[in-house]
Amino acid sequence: MTKNMENYNVNEKGYYGEFGGAYIPEMLYPNVEELRQNYLKIMAEPGFQKEFNQLLKDYVGRPSPLYFAKRLSEKYNTKIYLKREDLNHTGAHKINNTIGQILMAKRLGKHRIIAETGAGQHGVATATVCALMGLECIVYMGEIDITRQAPNVARMKMLGAKVVPALSGSRTLKDATNEAIRDWINNPVNTHYIIGSAIGPHPYPDMVTKFQSVISAEIKWQLKEHEGRENPDYVVACIGGGSNAAGTYYHYLHEEEVGIIAVEAAGLGVNSGESAATSVLGKEGVIHGCKTLLMQTQDGQITEPYSISAGLDYPGVGPMHAHLCKTGRAEFISIKDDEAMTAGLDLCKLEGIIPAIESSHALAIFEQRAFKPEDVVVVSLSGRGDKDLQNYIEYFKI
Amino acid sequence: MNRIHQKLQENKKLLSIYFTAGYPTINDTVSIIQDLEKNGVDMIEIGLPFSDPLADGPTIQASSTQALKNGMTTEVLFDQLKDIRKSVNIPLIIMGYFNPMLQYGVEAFCKKCQEIGIDGLIIPDLPVDEYHDEYKAIFDKYGLINVFLITPQTSVERINFIDSISNGFIYMVSSASVTGSQSGFGDEQTNYFKRIADMNLKNPQVIGFGISDNKTFTQATNYAKGAIIGSAFIKHVTNEGINTINTFVKSILE
Ligand SMILES: Cc1ncc(COP(=O)(O)O)c(C=O)c1O
């Protein structure tokens, strides 16, 4: 870390600059405090490390390849590498976190697992590890998302999870998260809440980031093999809550020469009223237990975001990303639905990879922003597009 | 002297009622407050509605959603309450989530509360430590009492800490739950009530969550200075409207 560089990691009080903290009702204090006091200790145990790494290798299929996308690179006249999180078991980066948290839950003696999900990717990843460990699993999902994402609902059920519809508010991800938090309040002793992104009260953003940091740890040695250097010129990731991004950036946060690019969903356009571009539309606020950038009314009511991609359809960003935005460490780019869909189809045709619509947002930046021919740009391909087929079919009238 | 302190000195068990401002209709706020006082309620918690009330059960959630639809905002509430002290004498507490206060500006919010004659605040998602380090000085400046929660899971050490920085009463959450989810108290709860009563804390306790009728009110006030009713009152207003508040209060106090 360079001497005068800002600290982009969490501090001992649970903050990234002015963002973060643990804004939770007293009912949750014992649970969150138990986690806060133990998570670093548990993660540092050799036995934990061994089990985590073994499962990532044998069960998830890590390391995920770092793939040089030759034809895509030719098209944009720069060097583009794709970090293939789409090849993980269950089809996205989400499982890196759920493996870590299920091992954490077991060590904390919790035998009932709850989670929230939007598109269902995190729900599936949670149901998967619960099946693996033989633990009870309850997934909260907005009633609207349950109809939008029927295949993932079926997957979760096949994996033995109970899917509970969130009927309050707008009946999407934000409300599913509220319901999961309420469940945790009602079941404070035996339950662990596996949050699916780098959000929530401290220590969640840091814990999720650390579990996802395997992504950039691998990029370092993989890029060394490809290019003879560990540091690319840019790392790029899409941001819903920001877990794949946090993992992709983690080992580069304090490497000044590495540019960080964060890609948000602009929906129908940043100023259309139908958007999820938090860095542009958000103001400092408190959501789901942390202070961060948040889309809200002038009166402090949280507003409903919109994106074609359910995984980016969240009114906030993780506190680490709010800090990266505020300090200018990361460059934030917003990508519209149409731009993402086009970039997604482009990757299919050029590289034979069908990306998740979330990941397509990250790929769409090459139409917006020029890179030098010698630049090495690593893009997190956070998930595969199977779950989005219906969306692609309808959009392109396939 | 703050009205809350005065009230706590009265030699009686206190009934406090929570209602959501702007529900059932936007302009019911003042008449509900006046009616509650007239019928012998000791203290009122005025709920400032929030889009994402994560410590609340379905009843208060639904009333909050409706209140927001009706057009309730922080500004509107303050405006409705501006003359409230001309007609109401009992302690008034605003209960709301932190984000709307943060957007209004914590200091501006507290200042406005003082001007109106609000006596205290309950902010479930503003943690004790954050309050203590960042906001206590502001609350003190405007003479506002901040009320903290404890639950059956709160450690003795933390209860003592909360007692030490409280200056009014402690809000005892009856059980591990969001608002409104109880139907009567069993041994587990009464043991917890007794355990806390036996701690002889500096601040009196008022029990809330799951108080719904005369029976639960009596059970709670056997051990505590008072009890708070929220969801049951909202349900009454939903089903019967706001003209029979007297029958509701009577049914609790019998
Ligand atoms: C494939 C994929 N990418 C990205 C995301 C966004 O989440 P995060 O910002 O936490 O990486 C999701 C969430 O569902 C996802 O499924």
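Eight cavities of 30 Å³ or more are counted in this predicted model. The largest cavity holds about 380 Å³ of space. Its lining runs to 32 residues. Those nearest the centre are H93(A), K94(A), G196(A), G311(A) and L312(A). Four elements of chain A each give at least two residues to this lining: β5 (112-117), α5 (121-133), α8 (173-186) and α11 (243-249). By class, the lining of the largest cavity has 18 polar, nine nonpolar and five charged residues.

The second largest cavity contains about 100 Å³. It is lined by 13 residues, and those nearest its centre are I123(B), P124(B), L126(B), F148(B) and L149(B). Eleven residues of this lining are nonpolar, one is polar and one is charged.

The largest pocket has about 490 Å³ of space. It is lined by 25 residues, with K13(A), Y15(A), A22(A), D129(B) and E130(B) closest to its centre. Two elements supply two or more residues each: α1 (29-44) of chain A and α7 (128-141) of chain B. The top contributor to the lining is α7(B), with six residues. Charged residues number 13 in the lining of the largest pocket, beside nine nonpolar and three polar.

The second largest pocket has a volume of about 340 Å³. Its lining is made of 16 residues. R148(A), Q149(A), K387(A), Q390(A) and N391(A) lie nearest its centre. Here α7 (150-158) and α17 (389-396) of chain A each provide at least two residues. The most come from α17(A), which gives four. The lining of the second largest pocket splits into six charged, five polar and five nonpolar residues.

Now turn to a sheet in chain A. Six strands make up this open sheet, in the order β3-β4-β14-β9-β10-β13, with mixed pairing. β3 (66-68) and β13 (330-336) of chain A are at the edges with a single partner strand each, so one side of each has no neighbour in the sheet. From one strand to the next, the twist averages 25°.

Strands β9 (residues 234-238) and β10 (residues 259-267) of chain A run parallel and are joined by five bridges. Within this pair, V236(A) stands opposite I261(A) in β10(A).

A helix lies across this sheet. Helix α14 (residues 337-351) of chain A lies across β3, β4 (79-84), β10, β13 and β14 (376-381) of chain A. Helix α14 of chain A runs at about 90° to β13(A).

Technical notes
Residues numbered from 1 in each chain as written. Chains lettered and ligands numbered in written order. Predicted model: local features only at pLDDT ≥ 70, side-chain atom pairs only at ≥ 80, totals over all residues. Heavy atoms only, no water. 1 Å grid on protein atoms, 1.4 Å probe; cavity = no way out; pocket = protein on both sides within 12 Å on 5 of 7 lines; lining within 4 Å. Points joined across faces, edges and corners; volume = space filled by probe spheres on them. Nonpolar A, V, L, I, M, F, W, Y, C, P; charged D, E, K, R; others polar. Pairing = 2+ DSSP bridges. Axes fitted to C-alpha atoms, helices over the stretch in contact; angles between N-to-C directions. Contact = heavy atoms within 4.5 Å.
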